[in-house]
Amino acid sequence: MAYVISDDCVSCGSCVDECPANAISEGDGKYVINADECLDCGTCADACPNDAIAPEE
Ligand code: SF4
């Protein structure tokens, strides 16, 4: 399990510094979470002003 960032991401970067695992980086048009590094803590989801981050289905 990992959290994923949807297309609602506006690349504001609010989540990046909140991730304790440093699993979030800037991708092509939106930020992306490295599923292998994600700890499933949900901190990034709380930090996103656009509600673009949710647990993987
Ligand atoms: Fe980082 Fe936690 Fe978000 Fe995973 S759920 S990307 S560990 S802040």
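Helices (H or I, at least four residues) and strands (E, at least two) are DSSP runs, numbered from the N terminus. I start with that rule, then open the model.

**Entry: ground rules.** I am reading a predicted model, in which local features need pLDDT of at least 70, side-chain atom pairs count only at pLDDT 80 or more, and totals for chains, interfaces and linings use all residues. Residues are numbered from 1 along each chain as its sequence is written, and side-chain values use heavy atoms, with hydrogens and water left out.

**Entry: overall build.** I looked up the secondary structure and found 1 helix and 4 strands. Along the sequence the pattern reads β-β-β-α-β. I then checked the radius of gyration, which is taken over C-alpha atoms; the globule rule is 2.2 Å times the number of residues to the power 0.38. For 57 residues a compact globule would come near 10 Å, and the protein has 10 Å, which agrees. Along the principal axes, the C-alpha atoms fill a box of roughly 25 × 20 × 20 Å.

**Entry: surface and contacts.** Areas here come from the Shrake-Rupley method with a 1.4 Å probe; for residues, only the protein chains shown count as cover. The protein exposes about 3600 Å², and carbon and sulfur atoms supply 41% of that. Of the 57 residues, 32% count as buried. I count a contact when heavy atoms lie within 4.5 Å. Among contacts between residues at least 6 apart in sequence, 57% join residues at least 24 apart.

**Entry: the loop between E1 and E2.** Where does Val-10 sit? I place Val-10 in the loop between strand E1 (3–5) and strand E2 (24–26). Val-10 counts as exposed, at 56% relative accessibility. Its C-alpha lies 7.8 Å from that of Gly-29, 19 residues apart along the chain. Ser-11 lies in the loop between E1 and E2 too. Ser-11 is not a glycine, yet has a positive phi of about 55°. I note Ser-11 as partly exposed, with a relative accessible area of 26%.

**Entry: Cys-12.** Cys-12 is found in the loop between E1 and E2. At 48% relative accessibility I log Cys-12 as partly exposed. Leaving out residues up to four places away in sequence, Cys-12 touches Tyr-31 and Pro-49. From Cys-12 to Glu-26, 14 residues apart in sequence, the C-alpha distance is 9.8 Å.

**Entry: disulfides.** How many disulfides does the structure hold? I find 0, taking a disulfide as a pair of cysteine sulfur atoms within 2.5 Å.

**Entry: Asp-51.** I find Asp-51 in the loop between helix H1 (43–47) and strand E4 (53–55). Asp-51 has a positive phi of about 55°, although it is not a glycine. Asp-51 counts as exposed, at 65% relative accessibility.

**Entry: the ligand.** I call a residue near a molecule if one of its heavy atoms lies within 4 Å of it. The residues around the ligand include Tyr-3, Cys-19, Ile-33, Cys-38, Asp-40, Cys-41 and Cys-44. By class I log 9 nonpolar, 2 polar and 1 charged residues in the shell. Ala, Val, Leu, Ile, Met, Phe, Trp, Tyr, Cys and Pro count as nonpolar, Asp, Glu, Lys and Arg as charged, and the others, Gly among them, as polar. Cys-44 is buried, with a relative accessible area of 8%.

Note on methods:
Buried < 20%, exposed > 50% of the residue type's maximum accessible area, 1.4 Å probe, protein only.
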